[in-house]
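Here is a short briefing for a reader meeting this structure for the first time.

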Number of protein chains: 2
Amino acid sequence: MKKRPLILVTNDDGITAPGIRNLIEAMNELGDVVVVAPDSPQSGMGHAITLDSTLYCNPINIDDDGPQLEYKCSGTPADCVKLAVNEILNRKPDLCVSGINHGSNASINVIYSGTMSAAVEAGIEGVPAIGFSLLDYTWKANFIGLKSYIKKIAQNVLDNGLPDGVVLNVNFPRTKDGVFKGLRICRQARANWKEEFDKRVNPQGKEYYWLTGTFVNLDHGEDTDMWALSNNYISVVPVQFDLTAHHFIQKLNSWDL
Amino acid sequence: MKKRPLILVTNDDGITAPGIRNLIEAMNELGDVVVVAPDSPQSGMGHAITLDSTLYCNPINIDDDGPQLEYKCSGTPADCVKLAVNEILNRKPDLCVSGINHGSNASINVIYSGTMSAAVEAGIEGVPAIGFSLLDYTWKANFIGLKSYIKKIAQNVLDNGLPDGVVLNVNFPRTKDGVFKGLRICRQARANWKEEFDKRVNPQGKEYYWLTGTFVNLDHGEDTDMWALSNNYISVVPVQFDLTAHHFIQKLNSWDL
């Protein structure tokens with residue numbers, strides 16, 4: 001009989017977020033689940049790690065009916081994965097899934113995303129990993145319809161593995177009825193935030209800012225995650241963490257440095 | 001007469017760190033300098049941005065003799081660049097330089113690095129950008145010998161520009177006399193941290209951890225940044241922020257998803 005896979009679950013919205021509770025439920029049907037997730041929201045943390053401060057990581061019981069083991073951690077999503085793999089788990093997990101994020105991690109958002117940083121950190125540790133996100137920021141986001149896709153993608157990664165240095169970034173469009181047109185393998189769209197700072201004055205008379213902005217997509221390719229999502233497809237982007245711009249090395253060698 | 005270039009300087013060690021003070025001095029010889037840097041150390045912040053909290057950004061005078069304008073910011077390195085480009089500066093800078101980081105940002109450290117995230121953020125905003133780091137964590141690091149290289153690399157970027165989506169990651173080896181064997185254009189080495197968590201008990205009896213670890217390089221290529229640095233060369237890696245693993249797209253299309 002085949003051994004049940006060991007699956008590590010984490011996220012960046014915090015261990016009580018509806019997104020991770022839905023992800024745990026789906027993973028319980030595929031393997032033995034251990035959750036190590038932040039004890040508070042960590043959105044926009046990027047690949048931050050905790051160097052100058054202490055980390056707490058303790059068992060917690062959120063779901064009396066669930067078979068999974070759970071730990072809440074005071075650190076970032078990347079910290080959670082490092083702690084899980086090196087301290088909490090007694091063997092290397094067969095899969096790490098992160099999410100389901102409340103909000104998009106498509107296009108350049110992959111860079112700012114705590115959800116995807118957890119997946120990338122797992123990839124760095126040699127663990128096949130997937131980040132899942134739904135394009136709905138609300139706590140009442142509708143996760144109906146995602147489960148079968150999530151299970152299928154996770155099972156494929158368990159069966160086929162992933163190449164060294166590659167993790168998956170999966171985004172679900174927001175739909176009224178939880179029905180998707182299908183799934184597309186995509187590249188990251190060349191799009192970015194146009195920041196607008198909301199300048200205010202605090203009660204002590206000091207000026208401060210809130211970071212806001214609008215997302216601008218000038219990439220008209222139909223092979224991008226942005227195109228897939230705006231056409232009601234689930235987007236799957238293979239993501240790498242060798243950031244070398246290999247195509248520019250030859251040119252750079254011709255510079256007078 | 002050619003207009004003097006506008007140069008944005010930032011870092012992740014904080015605005016008073018010797019590394020950034022040396023970088024400002026070098027940049028003052030190339031153009032008009034505006035500094036927007038964190039008011040406290042931000043090492044290991046990765047590409048974190050401040051979403052759920054306020055940002056302060058105020059003028060500060062650290063160097064009475066310097067011609068540069070300076071602002072200290074309560075946010076992360078990526079926040080500093082966003083604020084500088086969208087609020088502080090009245091035109092898009094011609095160059096953004098980040099550093100000089102006290103410590104290595106070679107290999108996978110590019111992912112965790114606040115220094116490099118600032119450079120990447122500038123790249124996302126369409127500003128040519130370079131991150132500089134010295135392999136010496138101490139506050140008393142010896143920056144002698146770096147200035148001529150830094151000026152030459154920055155001048156090359158000012159003269160030649162950089163392709164869309166590419167920034168430079170420059171690391172200097174630690175030398176006794178500030179003399180380097182030369183400079184190498186490199187790829188990011190496949191190396192990573194082997195974490196070791198130092199588990200302790202706090203005065204209230206609660207267990208906590210410190211993140212520590214050793215860096216393991218199993219990449220024996222002589223075209224890597226790790227090779228260059230251990231052989232006393234300055235490493236220059238072109239870094240991209242399209243993270244798509246293009247080489248895996250075809251294979252992924254053959255999966256049953």
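Of the interface residues of chain B, 98% are also interface residues in chain A, so the copies meet through the same surface. This is a predicted model. The points below cover the interface, the sheet in chain A, and the helices.

**How the chains meet**
- The contact involves 62 residues of chain B and 62 residues of chain A.
- On the chain B side, the residues that touch chain A comprise 36 nonpolar, 16 polar and ten charged ones.

- Nine strands of chain A make an open sheet with mixed pairing. Their order is β3-β4-β2-β1-β5-β6-β7-β11-β8.
- The edges belong to β3 (57-59) and β8 (182-185) of chain A. Each has a single partner strand, so one side of each is left without a neighbour in the sheet.
- From one strand to the next, the twist averages 20 degrees.

**Around strand β4 of chain A**
- Strands β2 (residues 32-38) and β4 (residues 69-73) of chain A run parallel and are joined by five bridges. Here A37(A) stands opposite K72(A).
- With β3(A), the pairing of β4(A) is antiparallel and spans three bridges. P59(A) stands opposite Y71(A) there.
- Four of the five residues of β4(A) are buried, leaving the strand mostly covered.
- In general, strands of a sheet pair through backbone hydrogen bonds, in either the parallel or the antiparallel sense.

**Helices across the sheet in chain A**
- Helix α2 (residues 77-88) of chain A lies across β1 (6-10), β2, β3, β4 and β5 (95-102) of that chain. It runs at about 135 degrees to β2(A).
- Helix α4 (residues 114-124) of chain A lies across β1, β5, β6 (129-134), β7 (166-172) and β11 (233-240) of chain A. Its angle to β6(A) is about 170 degrees.

**Helix α4 in chain B**
- Is helix α4 (residues 114-124) of chain B buried or exposed? Eleven of its eleven residues are buried, so the rest of the structure largely encloses it.
- Among the buried residues of α4(B) are M116(B), V120(B), E121(B) and I124(B).

Note on methods
Residues numbered from 1 in each chain as written. Chains lettered and ligands numbered in written order. Predicted model: local features only at pLDDT ≥ 70, side-chain atom pairs only at ≥ 80, totals over all residues. Buried ≥ 20, exposed ≤ 12 C-beta atoms within 10 Å, placed from the backbone. Helix = DSSP H or I, 4+ residues; strand = E, 2+ residues; numbered from the N terminus. Contact = placed C-beta atoms within 7 Å. Nonpolar A, V, L, I, M, F, W, Y, C, P; charged D, E, K, R; others polar. Pairing = 2+ DSSP bridges. Axes fitted to C-alpha atoms, helices over the stretch in contact; angles between N-to-C directions.
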